[in-house]
Amino acid sequence: MTTLGHERYCDEVARQLDLLRTTLTGADLSVTVPTCPDWTLAELVRHMGGAVRWSERLVATRAEQDIPEEDIPECEGPAGDDPAALDAWLARTAELGATTFRAAGADAAVWSWADDPSAAFWARRMTHELVVHRADAALAAGVPFEVAPDVAADAIDEWLDLVALAQRTDPEDSASELRGAGRSIHLHATDAPDGLDAEWLIEFGDDGFTWRRGHAKATVALRGPLTEVLLAFYRRRPLDSGHVEVLGERELLDFWLERASFG
């Protein structure tokens, strides 16, 4: 599957953090995040910035193994929850992450927990980490969430790839239950711009599942605007929210959402 390209991911790391800063304008940082109820909005922000700081340090040092967060400068952000200090930290983090990822180049060898030990993996992973958690922040702050269509589509691609990775490599992961021949899930974005294939078919087999972009009949279909399909598929919006439509055997879609452990 063609991805957006390394330069675009570098740009998106900075862009998503800048959009997060806009989302936080005037927000109450002490509120609980509905989709991440263990975190306040301030804690979510620190997690997002810290993830970029951590991956940036991996790439900058061409790490051959994981680096503890306590060894990473400014990983936890400023002391206290002063909005101006957090905003300045996010701005510095955006510039640092994008600059380091771009300077390294896509093919730089870097440790990762996935099967792609490269700077390209981290630029893409951070793009979508930020996209989905920016949605969490928007829901907590009560403001609209928007994302570029090609970025939203690639976020779905990446999640499918990572759930498949978990299924292959971790027999204890709940994704190992996503199997059983003859069943399928179709995702259909109803507002995709011309030239963007924003439909997916997930097919279950006895050894696991496979996926591809494209239109096909399935056991169950999830239809709606692309952003809403993304939010529902990432479990950020309930299926009965009125923003998406489920056609066919909803139990299979519920089965997926309960067991697809990544995201």
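This report describes aromatic ring contacts in a predicted model.

**Aromatic pairs**

Across the whole structure, a search finds 13 aromatic pairs. One of them joins W54 and W111 in an edge-to-face arrangement, with 6.3 Å from centre to centre and 70 degrees between the planes. This pair links distant parts of the chain, the two residues being 57 residues apart. W54 belongs to helix α2 (residues 41-60), while W111 is in the loop between α3 (83-104) and α4 (119-141). W54 is buried, at a relative accessible area of 15%, and W111 counts as partly exposed at 23%.

W113 and F121 also form a pair: the ring centres are 5.3 Å apart and the planes stand at 90 degrees, so this pair is edge-to-face. The planes of an edge-to-face pair are over 60 degrees apart. W113 counts as partly exposed, whereas F121 counts as buried.

| Residue | Relative accessibility | Class |
|---|---|---|
| W54 | W54: 15% | buried |
| W111 | W111: 23% | partly exposed |
| W113 | W113: 38% | partly exposed |
| F121 | F121: 9% | buried |

**Cluster and charge contacts**

One aromatic cluster is formed by W159, F204, F209, F233, Y234 and W256. F204, a member of this cluster, also has the charged end of R183 over its ring, 5.4 Å from the ring centre. R183 lies over the face of F255 as well, at 5.2 Å from the centre of that ring.

Note on methods:
Residues numbered from 1 in each chain as written. Predicted model: local features only at pLDDT ≥ 70, side-chain atom pairs only at ≥ 80, totals over all residues. Heavy atoms only, no water. Phe/Tyr/Trp six-rings, centres within 6.5 Å; stacked < 30°, edge-to-face > 60°. Helix = DSSP H or I, 4+ residues; strand = E, 2+ residues; numbered from the N terminus. Buried < 20%, exposed > 50% of the residue type's maximum accessible area, 1.4 Å probe, protein only. Lys NZ or Arg CZ within 6 Å of the ring centre and 35° of its normal.
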